[in-house]
Amino acid sequence: MTEFRVAVLPGDGIGPEVVREGVKVLRAAADRFRLTLTFHEFTVGGAAYERYGVPLRPEDLEAIKECQAVLLGAVGGPAWDDLPAAVRPEKALFTLRKELGLYANLRPVRAYPELASASSLRPEVTAGVDLLIVRELTGGLYFGEPRRRDPAPDGDGWVATDTLTYSTGEIRRIVRLAFTLAQGRRRQVTSVDKANVLESSRLWRETAREVAREFPEVALTHQLVDNTALQLARAPGQFDVLVTENLFGDILSDEAAAIAGSLGMLPSASLGGRTALYEPCHGSAPDIAGRGIANPLGAILSVALLLRHSVGHGEAARAVEEAVAQALASGARTADLARGGEKTVSTAEMGDLVAGAVGSRLKG
Ligand code: IPM
Ligand code: MN
């Protein structure tokens, strides 16, 4: 196999700790399946601001574009909360998403039976849940212009403006991807919007209906986002693929993490350009950073997505996912997953267990 370049972006907070375990597992998978991967590390986020004065250097962006896949930890933290938007750590993420053309963010949510008691939802509510949130990632309020502050006309403070825009083309490509993914699953798409209020949502709904005609074997349902928020907590088993705009997807995916038992379990894949980006859904968690207690499974499951979507090796991806299930079945729990008195493992121990399970079939 020709060289496959992976950019490694540890970032801030627990990012470096969880990415280290992701790379460990990726190396184990590469060994077992004889993949030739090379790793290229770059400093981004608050760490890059400290080192270079910017959250992402242009030359690093160019070098990242030469890689086929990016594995990112997390960016941000209280130290940089008061910086102007242009140099905040999060800006590195937005630049990567936009510059790499990553318009589609896939966030699969599974209820592992072993973790049923870790969820705040009742086991009979979460049992068997296997859903996929497809979040639009380069449009909506995150990127819409104008965004600014003007002095309030009444002299009292400011008027702040953010803009929510979507074009037909932007909606069509993300909804089409959701339908394509649904074809390989349970053939059900729920398009989430706020069409009773927002013009952009009415265009979203119309466009989703048009796209649905290309996929007669896939069922389309529309749901209002406030109702989806309720349904995710009430009866998440009804969902197969959800597709929605940027901010709705951001909020709903954190909510859906409650189904998995911890935000630390959720992986993501951002697709759309030549270079794809993989990162856990959780943030930099500065409160627990550096203590070796973070859950690396979101990062490790992101590695499985990298193997599936970028390397194109479904078998290696499944091996990683099975190794995660095996580690959980053996009783291994990081602090976020442990319930009352359960023994916990460290970030590195969890990584070792999964990497070991991936590698153990080498001889078999
Ligand atoms: C996410 C995160 C980011 C987002 C933050 C860190 C800017 O919450 O990837 O879900 O809002 O997109
Ligand atoms: Mn988020």
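**Ligand site.** I listed the residues around ligand 1 and found Glu-90, Leu-93, Phe-94, Arg-97, Arg-107, Arg-135, Tyr-142 and Asp-250. A residue is near a molecule here if one of its heavy atoms lies within 4 Å of it. I note that this is a predicted model, in which local features need pLDDT of at least 70, side-chain atom pairs count only at pLDDT 80 or more, and totals for chains, interfaces and linings use all residues. Residues are numbered from 1 along each chain as its sequence is written, chains are lettered from A and ligands numbered from 1 in the order in which they are written, and side-chain values use heavy atoms, with hydrogens and water left out.

I then checked polar contacts (a pair of N or O atoms within 3.5 Å; within protein, one must be able to donate a hydrogen and the other to accept it, and residues adjacent in sequence count only if both atoms are side-chain atoms). An oxygen atom of ligand 1 is 2.8 Å from a side-chain N or O atom of Arg-97. For Arg-135, the distance from a ligand oxygen to a side-chain N or O atom is 2.8 Å. For Asp-250, the corresponding distance is 2.9 Å. On its own, ligand 1 has 320 Å² of accessible area, and the protein covers 77% of that (Shrake-Rupley method, 1.4 Å probe; for residues, only the protein chains shown count as cover).

I sorted the shell by class and got three nonpolar, no polar and five charged residues. Ala, Val, Leu, Ile, Met, Phe, Trp, Tyr, Cys and Pro count as nonpolar, Asp, Glu, Lys and Arg as charged, and the others, Gly among them, as polar. Helix α4 (residues 90-99) gives the most to this shell, four residues; helices (H or I, at least four residues) and strands (E, at least two) are DSSP runs, numbered from the N terminus.

**Cavity.** I found one cavity of 30 Å³ or more. On a 1 Å grid over the protein atoms alone, a cavity is a set of points where a 1.4 Å probe fits but cannot get out, and a pocket is an open set with protein on both sides within 12 Å along at least five of seven lines; lining residues have an atom within 4 Å of a point. Grid points are joined across faces, edges and corners, and a volume is the space filled by probe spheres set on the points. The volume of the largest cavity is about 50 Å³. Its lining includes Leu-164, Tyr-166, Trp-204 and Phe-248. The largest share, three residues, comes from α7.

I get about 410 Å³ for the largest pocket. It has 18 lining residues, and Pro-108, Arg-185, Leu-305, Arg-308 and Glu-321 are the closest to its centre. By class, the lining divides into 12 nonpolar, one polar and five charged residues.

**Backbone.** I noted a cis peptide bond between Glu-145 and Pro-146, with omega about 0 degrees. Pro-146 is in the loop between β5 and β6 (148-151).
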